[in-house]
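Please look through the sequence and the three-dimensional structure shown here before reading on.

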Amino acid sequence: MKVTVVTLDDLTFSLDVSEDLELENFKAFCEVESGLIATEIMIFFNSQPLTDNKKTLSQYGIRDGDLVTLQHRSSAQPAVSIPSTAAISSLDFSSIQVPHQSSSSGPTTPSRQTSSYNDESARSIRDMLLVNKDQLAILQQNNPSLAEAVLSGSLDQFASVLRRQYIEKQQKEQQKMKLLTSNPFDTEAQRLIAEEIRQKNIEQNMEAAIEYNPETFGTVVMLYINCRVNGHPVKAFIDSGAQATIMSSAAAERCNIMRLVDTRWAGIAKGVGVQRIIGRIHMVQIQIENDFLTSSFSVLEAQPMDMLLGLDMLKRHQCSIDLKNNFLIIGTTGTRTPFLSESELPDCARLTGSAEEEQKAIEESKKIAEELEMREALEKSTKDSLGFSASPSTSTATTLLPSDKFTENDISELAKNGFDRKACIEELRRFNGDKKQALASLFAKSLKF
């Protein structure tokens with residue numbers, strides 16, 4: 001449930017807590033937001049002070065959407081009672097610490113404010129998060145470093161991260177308030193005001209999404225099916241956004257089809273990352289249920305998933321993705337195969353991995369991209385040094401070599417039929433200088449149907 005807390009210095013914040021949360025743990029949350037020591041906080045609800053720290057919020061009658069008042073009292077002062085209207089004017093508010101402002105005894109520095117983060121308050125916050133799995137899941141999305149400190153099991157690490165983040169927050173707030181109070185019409189001050197409004201709109205939008213569409217914060221299970229390639233079981237990922245069907249080199253080795261890879265189709269695959277294409281397998285049979293479907297594969301060197309069925313395969317066999325019944329339907333045969341459940345998915349099917357794995361994948365993509373750029377730069381520099389636009393391999397394709405079994409006259413005879421010199425040399429080399437076979441091959445390649 002969501003509880004709104006208002007302080008006497010007009011500081012307002014909302015807390016998303018459980019009804020079974022004890023008052024002392026609720027004060028610990030207020031300590032994080034307000035910067036006041038939990039033991040010096042008094043909570044008022046319906047103008048009545050809440051004195052028993054062991055009672056839960058539901059026992060006090062606090063419900064979702066309710067508003068409570070937070071009041072600060074010195075540790076030397078007794079519990080605060082509700083003053084009468086006549087006595088309000090005589091109250092001394094000098095002991096109340098106003099966030100982002102200076103007190104009479106001097107400026108409030110982050111180091112002084114973070115002294116409130118003792119081991120006891122940090123332990124209560126961490127224990128509450130460990131018990132409330134929903135809050136921990138939200139914390140993992142919004143503050144991964146703090147969530148990692150919670151799961152680490154070390155209280156000192158959690159308190160250290162909590163203290164460091166609070167110091168950074170206070171420093172930013174102080175800088176912002178200093179800039180706003182010095183000259184609110186300054187360009188930078190106006191930008192900060194606009195940014196503050198934008199952040200509040202984002203928070204309100206997220207709060208509405210959590211309340212009305214909580215399913216959008218869940219993890220979507222990817223679409224995988226069971227199939228067989230060359231008799232070997234493979235879990236294939238269905239991706240209608242991919243242009244071509246691909247397979248990893250490890251899966252191709254396991255399915256014993258690496259011997260069919262045509263390396264002339266090698267290259268670089270660019271998308272979310274950059275990967276090397278080893279080559280292409282032009283025709284392989286895929287068994288889905290009792291159907292045997294033919295497809296071609298582009299074999300990638302460092303592909304985490306075994307196989308990805310792309311749009312070429314899906315369109316060729318008129319496949320339909322039935323999300324209502326959770327089936328992949330083969331349109332050419334009418335066969336239906338179910339999508340795998342979450343427990344059956346491979347490890348690489350998860351959308352989010354550890355920070356180390358994500359960083360490793362990013363570094364590998366950068367490394368391949370840098371190698372590609374280096375190769376292109378070397379080729380460009382080679383062309384410039386040779387003084388012509390052709391690559392080094394092009395020069396050998398248009399000139400005779402000592403090992404060639406044909407002469408310039410043979411090339412000229414074939415070129416008289418309208419063929420390019422480079423193509424004539426390639427065909428003559430292919431057929432060991434046989435002009436008749438080379439001419440037949442040139443005519444066959446020039447025909448268009």
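**Asp262 and its surroundings**

The side chain of Asp262 makes a polar contact, at 3.0 Å, with the side chain of Arg264. This comes from a predicted model, in which Asp262 sits in the loop that lies between helix α8 (249-254) and strand β9 (267-270).

- Is Asp262 buried or exposed? Its relative accessibility is 12%, and because buried means under 20%, Asp262 counts as buried.
- Leaving aside residues up to four places away in sequence, Asp262 touches Gly279, Arg280 and His282.

**The chain as a whole**

- The chain contains 14 helices and 15 strands, and of its 449 residues 32% count as buried.

- Strand β6, which covers residues 224-229, pairs with strand β7, which covers residues 232-238, in the antiparallel sense and over 6 bridges.
- Within this pairing, Val229 has His232 of β7 as its bridge partner.
- The hairpin of β6 and β7 has 2 residues between the strands, and in this hairpin Asn230 takes a positive phi near 55 degrees.
- Strand β7 is also joined to strand β12 (residues 307-309) by 3 bridges, and these two strands run parallel; here the bridge partner of Ile238 is Leu309 in β12.
- As background for viewing such strands, in a regular strand the side chains alternate between the two faces of the sheet.

**Helix α13 and its two ends**

- Which residues of helix α13 (residues 421-430) are buried? They are Cys424, Ile425, Glu427 and Leu428, and because they cover an arc of only 165 degrees around the axis, they lie on the same side of α13.
- At the start of α13, a side-chain oxygen of Asp420 reaches to within 3.1 Å of the backbone nitrogen of Lys422.
- Just after α13, at the other end, Asn432 takes a positive phi of about 55 degrees.

Notes:
Residues numbered from 1 in each chain as written. Predicted model: local features only at pLDDT ≥ 70, side-chain atom pairs only at ≥ 80, totals over all residues. Heavy atoms only, no water. Buried < 20%, exposed > 50% of the residue type's maximum accessible area, 1.4 Å probe, protein only. Helix = DSSP H or I, 4+ residues; strand = E, 2+ residues; numbered from the N terminus. Arc of directions from axis to C-beta. Polar contact = N/O pair within 3.5 Å; in protein donor to acceptor, adjacent residues only side chain to side chain. Contact = heavy atoms within 4.5 Å. Pairing = 2+ DSSP bridges.
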